[in-house]
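Subject: Structure for you to look at

Hello,

Here is the structure I said I would pass on. My notes on what was found in it follow below.

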Amino acid sequence: LDVADVITMPESLVQTSTGDLVEATSRGLLPSTLTAKPRPPEPPTGVVIETLVDPTGPGDAAARVTWDVPVGNDEGGSTITQYEVTAEPGPFTCTTDGAVECVIRDLDVDVEYTFTVTATNAIGSSDPSVPVFETPTSTNPDLGVPDSPTDVTVGDPTTYLDEAEVSWTASATDGNAPIVGYRVDAYRVYQDDLTTTELTESSPDSSCETWSFRLDPPATSCVVPGLPPLDTTPGAGPLADHTWLGYRFEVVAITALSNEGLESVPPAPSDIVAESSPTSSGTPIPSFSGTDAHVPPDPPVWPTAPTYVPDPIIDVNLTGSAASRATIDGYITVPQGRVRVSNPANDPVALVGGLVVGAFDIDSATLSAMSDPVSPAKIGFEDVVLQRTVELETLAAGERITSTMRVQINANGADMRVNSWVIQ
């Protein structure tokens with residue numbers, strides 16, 4: 001169990017009959033397998049290819065690739081942070097931040113491509129997945145834009161000060177490319193806008209966006225900032241010759257359609273996205289004059305695991321008592337336990353015999369007493385006695401009978417304890 005910056009366990013050693021120390025694994029003693037060492041993930045499985053016609057792309061065809069998430073030990077003990085899809089010949093690639101689908105463009109029709117997927121975590125990358133072979137044709141479905149979001153609604157204008165909470169229903173279809181985000185644009189609306197399909201102001205006054213992350217789809221609501229209450233007096237708006245009526249909100253769906261694929265940050269709209277036609281909130285809303293500013297939620301905080309403090313297997317409490325001497329009959333090993341001694345009066349205390357290794361919990365009163373230069377308190381082991389473990393095996397000649405005894409013997413031979421005795 002040796003993981004850099006996490007845990008290091010020394011190799012266990014055993015002593016042979018000749019006094020040599022050798023690695024325990026050489027004598028058939030195996031290390032624990034209960035704690036997995038983090039490693040690169042296993043290759044993704046369940047790879048499915050949907051070939052598409054790409055009417056506006058640099059090539060005539062594209063491919064939408066999906067795959068299954070490695071789970072359990074296949075993830076490698078570390079969160080998968082990236083997938084990469086490769087199509088050969090090319091190579092053509094697309095990557096995701098942990099999402100399990102992306103689109104590769106710039107392919108040609110009637111050419112057979114070999115698709116593989118690799119997964120990456122903090123330790124490294126997996127081997128490629130089992131290859132999948134597909135040939136795009138001119139009869140495949142088109143790669144297009146998603147349907148417009150529906151049911152755009154705006155929250156109570158008296159809730160937030162200068163801000164509007166907008167929600168909508170996700171697009172019904174995605175145009176054969178994964179939807180990675182939504183954008184809400186707020187426009188000033190004037191009287192003339194009610195009789196035309198073109199807005200007087202072509203640039204939005206404010207916007208908000210939502211984006212997908214790994215396996216989570218983009219949210220279907222966000223808060224648009226920077227919307228001061230309106231003065232609806234004729235000629236009072238930014239355009240003096242127009243009557244300012246309020247705000248209108250439009251929502252568009254965005255898909256990733258580039259060889260860079262899905263990014264963990266919002267992609268640049270100029271070269272990576274395809275947008276649906278906007279869906280409007282309808283009737284202009286005159287003002288947002290609430291008293292509370294919208295406070296975005298705090299980012300998630302990963303919980304910190306509490307320090308592991310095992311229960312004491314030996315607990316000596318000398319509160320209100322005199323000196324104490326505890327004799328341990330047998331041998332106790334506590335590599336993950338502890339020995340606790342509560343000794344507020346700094347009385348002498350001794351643990352005698354059998355404690356192979358232990359962690360001591362020293363209370364603050366004892367530590368305070370130890371600060372006295374003449375304090376008799378001593379923490380540690382005295383008169384350490386070397387111990388050996390010996391296995392005695394007895395075989396009955398001509399019989400299928402064995403006796404196997406493991407005993408622990410002090411070096412002076414004065415004390416011996418039986419650890420196990422098996423007769424078959």
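**Strands and the enclosed part**

Strand β14 (residues 179-190) pairs with β17 in the antiparallel sense, over 11 bridges. Two strands count as paired if DSSP finds at least two bridges between them. Strands are DSSP runs of E with at least two residues, helices are runs of H or I with at least four residues, and both are numbered from the N terminus.

Before going on, note that this is a predicted model, in which local features need pLDDT of at least 70 and side-chain atom pairs count only at pLDDT 80 or more, while totals for chains, interfaces and linings use all residues. Residues are numbered from 1 along each chain as its sequence is written, and side-chain values use heavy atoms, with hydrogens and water left out.

In β17, tyrosine 182 finds its opposite residue, alanine 253. Buried means under 20% relative accessible area, exposed means over 50%, and partly exposed lies in between (1.4 Å probe, protein chains only).

**The chain as a whole**

The protein chain has two helices and 29 strands. Of its 424 residues, 34% count as buried. The chain exposes about 24,900 Å², with carbon and sulfur atoms supplying 53% of that area. Accessible areas come from the Shrake-Rupley method with a 1.4 Å probe, and for residues only the protein chains shown count as cover. Among contacts (heavy atoms within 4.5 Å) between residues at least 6 apart in sequence, 62% join residues at least 24 apart.

**Salt bridges**

Side chains of opposite charge can pair when their charged atoms come close. A salt bridge here is a side-chain nitrogen of Lys or Arg within 4 Å of a carboxyl oxygen of Asp or Glu. How many salt bridges does this rule give? The count is six.

One of them joins arginine 64 and glutamate 101, whose closest N and O atoms are 2.9 Å apart. This pair links distant parts of the chain, since arginine 64 is in strand β6 (residues 61-66) and glutamate 101 is in strand β9 (residues 101-107), 37 residues apart. Arginine 64 is buried, at 11% relative accessible area, whereas glutamate 101 is partly exposed, at 23%. Salt bridges with shared partners join Arg64, Glu101 and Asp174 into one network.

Arginine 183 and aspartate 185 also form a salt bridge, at 3.2 Å from N to O, and both residues are buried. Arginine 39 and glutamate 42 form another, with closest N and O atoms 3.4 Å apart. Arginine 39 is partly exposed, at 30%, and so is glutamate 42, at 33%.

**A buried asparagine**

Asparagine 121 lies in the loop between β10 (113-120) and β11 (132-134). Is asparagine 121 buried or exposed? At 4% relative accessibility, asparagine 121 counts as buried. Leaving aside neighbours within four places in sequence, its contacts include Arg39, Glu75 and Thr81.

**A tryptophan on the surface**

Tryptophan 421 is in strand β29 (residues 416-423) and is exposed, with a relative accessible area of 52%.

Regards
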